[in-house]
Amino acid sequence: MAESAPHPADDPELRAERAYLAQARAALREMYQEVMAYETLLIGSEDNDERFTNESYQRARHLRAQALIDMPDVPLFFGRLDNEPGVVEETDQIYVGRRHVRDQAGRPLVIDWRAPVAVPFYRATRDDRQGVLRRRRYGFSDDAELTAYDDEILVSPTEADRADAILLAEIERPRTGPMRDIVATIQPDQDDLVRAPLQPSLCVQGAPGTGKTAVGLHRTAYLLYTERERLRRGGVVIVGPNRSFLSYIRRVLPALGEVDVTQTTVDELIGQGRPSAQEDPTIARIKGDARMATVLHRALWSHVGEPSEGLVYTKGSRRYRVPDYEVKEIVAAFRGTSRYVDGRNSVAQRLAHEVLVRMERRGEAPDDRVQEAVARSKPVKQLLDQCWPKLAPEQVLFRLLSDADFLASSAHGVLTADEQAALLWSKRPRSWKSARWSDADLVLLDELADLMERRPGSLGHLVVDEAQDLSPMQLRALHRRCRSGSMTVLGDLAQATTPWSTGSWDQVLEHLGVPDARLVELDRGFRVPAQIIEVAARLLPAIAPGLRPPTGIRAVPDAYQVVETSDRELLDQVVATCRAALAREGSIGVIAADSDIAALHERLAAAGCEPALLGVTEDAMESARLVCVPATLAKGLEFDTVVVVEPSRIVEAEPRGLHRLYVVLTRAVTRLVLVHAQPLPAPMQDAA
Ligand SMILES: Nc1ncnc2c1ncn2[C@@H]1O[C@H](COP(=O)(O)OP(=O)(O)OP(=O)(O)O)[C@@H](O)[C@H]1O
């Protein structure tokens with residue numbers, strides 16, 4: 001928490017609080033040592049099942065120990081509630097922190113923020129005190145030394161604006177490194193979403209900087225607290241737009257004591273690390289369209305043909321015949337009624353059954369083993385290979401993308417002739433084995449794999465951030481991984497920059513398989529000062545006519561500045577702007593069209609500004625105060641100062657360039673500077 005001025009070190013109250021913090025730290029160390037000293041009992045030795053059990057125990061212990069490690073820069077508690085006597089048993093004072101800490105006697109020293117008794121810390125107001133007399137928040141130095149405290153006396157009528165002042169101070173605390181948690185200042189409307197139950201799923205639409213990502217991460221931590229066993233079984237996955245974003249948010253959950261959550265991108269989750277080829281966005285849009293599900297379904301099932309002959313099974317000198325009309329009926333009965341591989345197996349079993357019936361008619365008494373042997377026999381296999389061939393997903397997609405007639409028959413009445421022509425490979429790979437698949441292809445392969453065989457397992461909880469950018473086919477792939485689990489879906493339709501985005505939450509939720517999700521809008525803009533929101537909002541009528549801008553909760557003097565210059569002086573102006581920003585506190589993001597960013601980075605480096613280049617420099621957001629950001633990687637990030645270079649080039653770079661510019665303009669916490677030589681994009685011109 002930020003604090004206007006630290007308390008003097010000899011303030012007795014501050015000294016007492018520091019002593020309490022030291023006591024809590026020591027207790028946490030003891031809890032950690034207890035876990036480490038406790039030797040995991042191993043059951044048995046080599047047996048497989050036992051090995052699994054042993055490994056699970058060891059892993060659980062490892063995770064528990066990791067969650068107890070005291071992070072030197074993360075304060076152990078951030079608030080205190082002084083309650084009316086009797087509100088909480090045993091004590092009228094509770095310290096609220098990121099995890100539970102108890103002393104050796106089992107007395108709680110710090111209460112986990114997710115515990116029910118901590119709720120009033122977030123929800124109590126002067127009008128609804130919930131038993132709270134005083135709410136205290138602490139200020140810490142960068143190395144987590146307690147330096148200040150700030151009291152809100154809920155029984156006093158003069159304290160009206162205290163909570164807002166504390167929130168504003170926290171937001172304006174200069175940024176260094178990756179995203180931090182907001183656990184000390186979660187707002188009541190956010191808290192309602194954070195503590196919402198696992199079901200129904202939740203969908204949060206929110207303008208830039210309204211706290212969607214923060215809410216999603218804290219909700220994850222909360223659900224892991226209340227539903228730990230259930231979620232651990234299925235697992236929890238957070239899907240974000242790209243690696244830079246994931247790196248930016250990666251410390252929030254560990255700081256809240258949660259270390260067992262997978263954070264990944266949709267391409268990584270679906271492609272499972274397979275390298276992918278580049279794809280033209282217009283083709284990717286067609287491949288991402290929900291109609292492709294019909295095309296793939298038809299393409300796959302078109303491989304099931306009419307059997308040309310009956311089945312003859314020979315055993316010794318005896319022959320058993322299943323006539324062709326019966327075989328045809330069996331194949332027809334299973335066609336399209338289950339998954340492809342299951343259907344093939346079922347036909348084999350039915351054929352074997354018919355053979356067994358004939359054996360019994362001749363007085364034999366075949367058992368289950370004979371049934372299995374017939375089902376796997378050569379004549380059955382040959383018959384199936386002819387009318388129900390074994391296939392790999394890649395074979396089907398290869399045929400679709402390389403064989404115009406096959407594509408036409410599968411896509412008839414579904415895709416237009418132009419769309420079909422666009423889908424066909426201009427250069428056909430030699431075989432399905434040597435084909436290089438794009439990310440959009442990998443999603444289609446995933447759909448095909450599911451049409452063939454059902455994969456087991458369902459995630460316990462899935463968080464999808466920037467969900468407005470996903471294609472219907474990607475959303476379907478996510479649904480397949482979370483069929484019975486719950487989801488938190490986060491995004492902003494105005495920030496939809498991909499050509500394949502659906503443009504409606506109803507559709508997104510339908511494809512994700514959670515049409516009954518609770519849809520909530522967040523509209524208080526925490527990040528962006530009101531003056532900058534006003535500038536960015538000028539783009540809204542063109543990009544998302546139905547959406548309102550956020551309500552800016554902060555006004556910052558001189559938040560918006562425009563520097564018009566000449567082509568020749570552009571780079572010098574950027575350097576001068578960055579130098580001025582470096583003289584102040586906080587992080588700086590220089591954002592430009594992707595094709596311009598390397599040159600800018602080079603120039604800033606030559607000028608001694610020590611910039612990092614996002615997407616190239618490892619841990620760019622941590623390793624430098626000044627980060628050069630290609631416009632396509634800006635989503636989800638924020639900087640105290642943002643310098644946008646040549647906005648019109650950002651707009652021209654892609655079909656949804658105005659949406660991209662909206663994202664870029666809304667990254668600033670304190671100050672936005674536009675540096676341009678070319679005219680500003682039309683909607684912004686009179687804002688300059
Ligand atoms: N209750 C809060 N207390 C302190 N800071 C907050 C609070 N809510 C949000 N913030 C801060 O506001 C900023 C924006 O939050 P976040 O990134 O979650 O917004 P978002 O809606 O996901 O934005 P975008 O759509 O632009 O990605 C972050 O710095 C976050 O820490």
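## Terms and model

A crossing is left-handed if the near helix is turned anticlockwise from the far one by less than a right angle, and right-handed if clockwise. Helices (H or I, at least four residues) and strands (E, at least two) are DSSP runs, numbered from the N terminus.

This is a predicted model: local features need pLDDT of at least 70, side-chain atom pairs count only at pLDDT 80 or more, and totals for chains, interfaces and linings use all residues. Residues are numbered from 1 along each chain as its sequence is written.

## Helices α14 and α15

α14 passes α15 in a right-handed crossing. Helix α14 covers residues 340-361 and helix α15 residues 368-375; the angle is about 125 degrees and the axes are 8 Å apart. Axes are lines fitted to C-alpha atoms, for helices over the stretch in contact, and angles run from 0 to 180 degrees between N-to-C directions. The two helices are therefore oblique to each other. Angles under 35 degrees count as roughly parallel, over 145 as roughly antiparallel, 65 to 115 as roughly perpendicular and the rest as oblique.

On the α14 side, Ala348, Gln349, Ala352, His353, Val355 and Leu356 meet Val370, Gln371, Val374 and Ala375 of α15. Contact here is C-beta atoms, placed from the backbone, within 7 Å. By class, this contact has seven nonpolar, three polar and no charged residues. Ala, Val, Leu, Ile, Met, Phe, Trp, Tyr, Cys and Pro count as nonpolar, Asp, Glu, Lys and Arg as charged, and the others, Gly among them, as polar.

## Helices α20 and α21

Helix α20 (residues 439-452) and helix α21 (residues 472-481) cross at roughly 45 degrees, and their axes come within 9 Å. The crossing is left-handed. From α20 come Val443, Leu444, Asp446, Glu447 and Asp450; from α21 come Met473, Gln474, Arg476, Ala477 and Arg480. This contact has four nonpolar, one polar and five charged residues.

## Domains

The chain is divided into domain 1 (12-37 + 71-172), domain 2 (188-272 + 462-525), domain 3 (311-387) and domain 4 (530-684). These bounds come from an automatic or database domain assignment. The C-alpha centres of domain 2 and domain 3 lie 47 Å apart.

## Ligand shell

22 residues surround the ligand, and the closest are Pro208, Gly211, Lys212, Thr213 and Ala214. α4 (162-172) and α6 (212-226) are the elements that give two or more residues to this shell. A residue is counted if its C-beta atom, placed from the backbone, lies within 6 Å. The shell has seven nonpolar, 10 polar and five charged residues.

How values were computed
Two residues are in contact if their C-beta atoms, placed from the backbone, lie within 7 Å.
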